[in-house]
Amino acid sequence: MEEDNLADGWFPESVAAGYDAPGGVNAPEAVDPVVDVLEDLAAGGPVLELAVGTGRIAAPLAARGVAVSGIDMSRAMAARITDKPGGNQVAVTIGDMTTTRVDGQFSLVYLVFNTISNVTTQDGQVAVFRNAAAHLRPGGVFLIEVGVPDLRRLPPGQDSVPFRVEPGREGGGYLGFDQYDVVTQQFTSNHVTVTADGKGRFWRIPFRYAWPAEMDLMARMAGLSLKHRWAGWDRSPFTAESTTHVSVWQKPEEACP
């Protein structure tokens, strides 16, 4: 395996190498509903994915004939896009999604799989909204998929919430838990993996959580307004019990002369 490059941020080669593991969020039954919604919202395209990663969503969307561009700061992740069907049709720019611009105007800009939370300051998240809006053509839409902060599961005095515990079939296993700071809205996702021979690996990544209402304000600051908010990719209603939201904000149509 290649050595990690610090320029790739939190998603260097050691992470990218296992990012496309079969099953879970990479299974067709998880990917296809996402691509269905994006294809519908694209209205013919072109579209731009912020934090395009390994092309888990961009490649199958491009394979359906939608013109897809992507921005990602990790060369290790982006290098894997062309290995997927449709991936050689995705135009990738290496850069920071808060500031990097690509040519053209887009009918849809999207940011999925909690990645807005990888931007760990409020100013940075506002910059993402503004950058997305700057890429949209009049009437275009910006979509974010992100989890709702799991603070309801925190009893007094506790700051951590497990999200996955998987005993290994032949020993070992995996533990994932989020650790929250409710004062700063910072949290970390922590991943502990132990192999059957007892070797362990610990990996943590920082995030910043934001409530849907805060994101609506960020959108307003960028000149966008809320068009849809769903609990998931099945477009079911968002409720007080929803653990995720898929939100869509629209750029105004050009004013009539």
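With 257 residues, a compact globule would come out at a radius of gyration near 18 Å, and the chain has 19 Å, which agrees; the radius is taken over C-alpha atoms, and the globule rule is 2.2 Å times the number of residues to the power 0.38. This is a predicted model, where local features need pLDDT of at least 70, side-chain atom pairs count only at pLDDT 80 or more, and totals for chains, interfaces and linings use all residues. Residues are numbered from 1 along each chain as its sequence is written, and side-chain values use heavy atoms, leaving out hydrogens and water.

Buried residues make up 46% of the chain (buried means under 20% relative accessible area, exposed over 50%, partly exposed in between, with a 1.4 Å probe and protein chains only).

Now for the rings. The structure holds nine aromatic pairs; rings of Phe, Tyr and Trp (its six-membered ring) pair if their centres lie within 6.5 Å, and planes under 30 degrees apart count as stacked, over 60 as edge-to-face and the rest as tilted. Phe11 and Tyr19 have ring centres 6.3 Å apart and planes at 85°, so this pair is edge-to-face. Tyr19 sits at 25% relative accessibility, so it counts as partly exposed.

Phe187 and Tyr209 make a tilted pair, because their planes are at 45°, with the centres 6.2 Å apart. This pair links distant parts of the chain, 22 residues apart: Phe187 is in strand 8 (residues 186–194), while Tyr209 is in the loop between strand 9 (200–208) and helix 6 (212–221) (helices, H or I of at least four residues, and strands, E of at least two, are DSSP runs numbered from the N terminus). Both Phe187 and Tyr209 are buried. Ring pairs also tie these two into a cluster with Tyr180, Phe207 and Trp211.
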